[in-house]
Amino acid sequence: MSETKEPLFSKKNKKLISDPLNLNNPVTIQVLGICSALAVTVQMDNAIVMSVAVLFVLVMGNLIVSLMRNLIPSKIKIIVQLVIVAALVIIVDQVLKAFVYDVSKSLSVFVGLIITNCIIMGRLEAFALGNKPWASILDGVGNGLGYGLILVVVAFFKELFGSGKLLGFEIFGNSVDQTGLYAIGYEDNGLMLLPPSSLILVALYIWIQKKRTPSLIDEH
Amino acid sequence: MSINKEGNGYTMTFAIVMVVVVGGLLAYIASTLKPIQQANVKNEKMQNILQAIGLEETNGVSRDEAGKIFNDYITERIILDYDGNVVSKKTSEDPIESAAKSMKDEKDAFNLEVRKYYNTLTGLMKKYPEGGAEYEAAIKEKGINYPLFVAENDGKKYFVTYFSGKGLWDDIWGYVAFREDGTTINGTVFDHKGETPGLGSKITEELFQNQFIGKIITDENSGEYKPIKVEKPGGEYNQHQVAGLSGATFTAVGVDEMMNRSLEVYNKYFYSLRTASVQPLESPVNDTTAVMDSIQVIVDSTMLAIK
């Protein structure tokens, strides 16, 4: 067991966290988990809670699957993973309903739909099933943050230009009382409140990301 | 002896143990958190009702606060049937039991599930598209009832109605409060399950809800029921019209439909109140403002009586 002597944040382990943030981002590079990225990004607070929920499910799921990786019968490994993810998601949903009722109302079905978020099943199957618990936790944190980063960036622009607010604070003034920017004729962009605008924003993000990191561009 | 992990026996045992462990854990968590969740739902309803009254004191009341002060404002919880008759009446003295299914008091207006009633009603609407006597008989037979909350503040009474309908995507519902005369709207709260954010969801905003304040549901001359219409945005509106939402026509149509349908029933009750309030003329009244109020009510109701 020479591997146990490896430092907690070795170069390899650091890469597990930093890669999903940029070079191997689950949303913009692997294009997974797009559904919720389009739907829950109208307001920043929803996006943040959703990110935290996914992060929690991903880290816990990765940890549990990694701890049980030698016990899980290969015949039913997908079913076992699904049960673990579903149980975690139900816990998150119940806790949100009890302690942050308003947020759980606005996230509605999307918390339940974390079960079907391909990022989670993807990481459990591709990483946690074949790696040690600590590395799996780091992988979960990295991918969860990578997902959350996109959600928060998209929500930032959608909330700012869609309703002139950030986290509920009026940035551009009040559209009802016609103060601030609204007084000189500025109007909110209604498209920003609808799911299609997230597609545009995610596409712009991918464009900028690939422009800055030429290694990401396919050769052919 | 090593265990054969590829064998059917191991797989089965693993599956059974997993299901029992996960099932037990989830059941435990659900039952622990249930009281908090139910309190949230209950307090939210109280918050909506208080907010709808349209008083300065209850405007912007928080959810937790609403649970505490609900009984200070809401004095009676009444269930009405389709004819506007009182089926049951609870006062603020009676506790609100809305927790577990078995504890639920079906005679309490607070526990009436208007969204379920609406589903029953849509079935009947499909069955009797023409409406008419058969349709009304079916509504009564199904026992569709209407909750009404009576609020009191500064010696004035308010009536809060609660009803449900359908928007573009999913359920919408509303609380509309009337002043003592039973025709002038004093405040509204609308909410929805899944209307388009930024378009249909604007029915939850004050800009839309506050337009209803001061509108009346009876005809100025005849005193008969006259519904409030949600019109196209832009233009002038009279006492029976409000502006709809641009880009959310179907949500506005839904609000219009559910209000017309439900307020017609409530108006039957208000009508009986208006005609009955002619009598208190004989009883002595000390408070001058109360005298003014009752004179106003009497004048209103005499107009109705003349009709």
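The model is predicted, so local features need pLDDT of at least 70 and side-chain atom pairs count only at pLDDT 80 or more, while totals for chains, interfaces and linings use all residues. Residues are numbered from 1 along each chain as its sequence is written, and chains are lettered from A and ligands numbered from 1 in the order in which they are written.

**Chain B in outline**

Chain B has seven helices and eight strands; these are DSSP runs numbered from the N terminus, with helices being H or I of at least four residues and strands E of at least two. Take the contacts in chain B between residues at least 6 apart in sequence, and 55% of them join residues at least 24 apart. Contact here means C-beta atoms, placed from the backbone, within 7 Å.

**Two helices that cross**

H1(B), residues 8–53, packs against H2(B), residues 63–73, at an angle of about 60° with the axes 8 Å apart. The axes are lines fitted to C-alpha atoms over the stretch in contact, and angles run from 0 to 180 degrees between N-to-C directions. The two helices are therefore oblique to each other; under 35 degrees would be roughly parallel, over 145 roughly antiparallel and 65 to 115 roughly perpendicular, with the rest oblique. Among the residues making the contact are B:Met46, B:Leu50 and B:Ile53 of H1(B) and B:Ala66, B:Phe70 and B:Tyr73 of H2(B). By class, the contact residues are six nonpolar, three polar and four charged. Nonpolar covers Ala, Val, Leu, Ile, Met, Phe, Trp, Tyr, Cys and Pro, charged covers Asp, Glu, Lys and Arg, and the others, Gly among them, are polar.

H4(B), residues 132–142, is hardly covered, with one buried residue among its eleven. After H4(B) comes B:Gly143, with a positive phi near 70°.

**Where the chains meet**

Chain B puts 19 residues into the contact and chain A puts in 18. On the chain B side, H1(B) gives the most, with 14 residues. That side has 13 nonpolar, five polar and one charged residues.

The contacts listed leave aside neighbours within four places in sequence.

| Residue | C-beta atoms within 10 Å | C-alpha separation | In contact with |
|---|---|---|---|
| A:Val80 | 24, buried | 8.7 Å to A:Val65 | A:Ile72, B:Met18 |
| A:Ile84 | 24, buried | 9.1 Å to A:Met60 | A:Gly61, A:Ile64, A:Val65 |

**The cores**

The largest nonpolar core has 56 residues, and B:Val160 and B:Ala177 have the most contacts inside it. Such a core is a set of buried Ala, Val, Leu, Ile, Met, Phe, Trp, Tyr and Cys residues joined through C-beta atoms within 7 Å. Its largest share, nine residues, comes from H6(B), residues 249–276. A second, separate core of 43 residues includes A:Leu32, A:Ala47, A:Val85 and A:Phe127.

Not counting residues up to four places away in sequence, B:Val160 touches B:Ile49, B:Ala52, B:Ile53, B:Phe149, B:Ala151, B:Tyr175 and B:Ala177.

Technical notes. Two residues are in contact if their C-beta atoms, placed from the backbone, lie within 7 Å. A residue is buried if 20 or more other C-beta atoms lie within 10 Å of its own, exposed if 12 or fewer, and partly exposed in between; C-beta atoms are placed from the backbone.
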